[in-house]
Amino acid sequence: MNGIYGRAATGLQDSSWAVNENVARIGAKGEQKTEALLNGFGKKAAVLHDLRIPIPGFKANIDHVIVSGKSVLLIDSKMWKPGFYWSLLGYRRGWEKTPHIGKSQEYVSRAMTTFLQGTGAKILTPHLVVWSSRDGQPLSTWLLTVPGADVINGLRIVPAVKSFVRAGSADPAIVRKLQELLVAPAATKPAPHWSDADQFKTPVRPARIDVYADDDPFA
């Protein structure tokens with residue numbers, strides 16, 4: 001059951017959840033950047049993109065899920081303005097208050113644990129992958145903590161996933177159950193990916209980000 005299932009940012013076609021269309025497009029860029037990295041693990045694990053959160057009425061989706069053995073790793077992708085993010089005195093970018101970045105991810109883990117009950121799945125602490133919305137301008141999160149998730153800067157998701165997939169092939173029962181949540185379960189053309197063999201040899205050139213608005217709180 002290893003392989004790639006679904007496509008990133010499919011759910012963003014319904015952008016009613018977003019503040020505006022710019023926010024939705026920026027969000028799609030972040031998901032696609034993470035997708036390109038995760039797809040390199042498709043031969044070693046099951047990599048699923050864009051799944052519904054199994055809670056009635058929820059519009060937000062789970063961006064990515066990786067299954068290795070019976071272990072399940074949930075991954076959320078974000079694209080934020082460059083800057084220094086921290087959470088010692090509330091959630092801030094520099095001294096600017098950014099309360100939206102502190103949204104707890106615990107409800108997602110609980111919902112997925114309930115949904116996969118009976119499969120033997122082990123839900124790990126979700127990863128929150130953060131990309132800078134401006135090329136060449138860094139983003140730091142080393143003093144940022146988000147309830148229910150581990151925060152990871154962009155390309156650092158690669159070594160984190162590489163260590164995780166050592167658990168072996170994906171459990172078929174878990175993958176089949178997760179496929180029920182795919183926003184676009186139908187077969188699609190292969191998504192771009194970065195070869196696992198080249199992960200620590202070839203630097204990745206992120207896709208150009210040509211959409212940015214200072215007034216977008218999620219940018």
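Which residue caps the N-terminal end of helix 4? I started my notebook with that one, keeping in mind that this is a predicted model.

**Entry 1: helix 4**
I found that Asp171 does the capping, with a side-chain oxygen 3.0 Å from the backbone nitrogen of Ala173. Next I looked up which residues of helix 4 (residues 172–179) are buried, and noted Ile174, Val175 and Leu178. Looking down the helix axis, I saw these buried residues fall within an arc of 95°, so they line one face of helix 4. I then checked what covers them: the list includes strand 1 (3–5), strand 2 (46–52), strand 3, strand 4 (71–80) and helix 2 (106–115).

**Entry 2: Asp63**
I moved on to strand 3 (residues 61–68), where Asp63 sits. Asp63 is buried, and I found no salt bridge for it. The nearest side chain of opposite charge belongs to Lys78, 5.8 Å away; my cut-off for a salt bridge is 4 Å. What does lie 2.7 Å from a polar atom of the Asp63 side chain? I traced it to the backbone nitrogen of Ser77. Leaving aside residues up to four places away in sequence, I listed what Asp63 touches: Glu31, Leu48, His49, Asp50, Ile75, Asp76 and Ser77.

I followed an open sheet of four strands and wrote down the order 7-6-5-10, with mixed pairing. Strand 7 (96–97) and strand 10 (139–143) are its edge strands, each pairing on one side only. Strand 6 (residues 92–93) pairs with strand 7 in the antiparallel sense, over two bridges. I also looked up the bridge partner of Arg92 in strand 7, and it is Lys97.

Notes: Residues numbered from 1 in each chain as written. Predicted model: local features only at pLDDT ≥ 70, side-chain atom pairs only at ≥ 80, totals over all residues. Heavy atoms only, no water. Buried < 20%, exposed > 50% of the residue type's maximum accessible area, 1.4 Å probe, protein only. Lys, Arg positive; Asp, Glu negative; His and termini not counted. Polar contact = N/O pair within 3.5 Å; in protein donor to acceptor, adjacent residues only side chain to side chain. Contact = heavy atoms within 4.5 Å. Arc of directions from axis to C-beta. Pairing = 2+ DSSP bridges.
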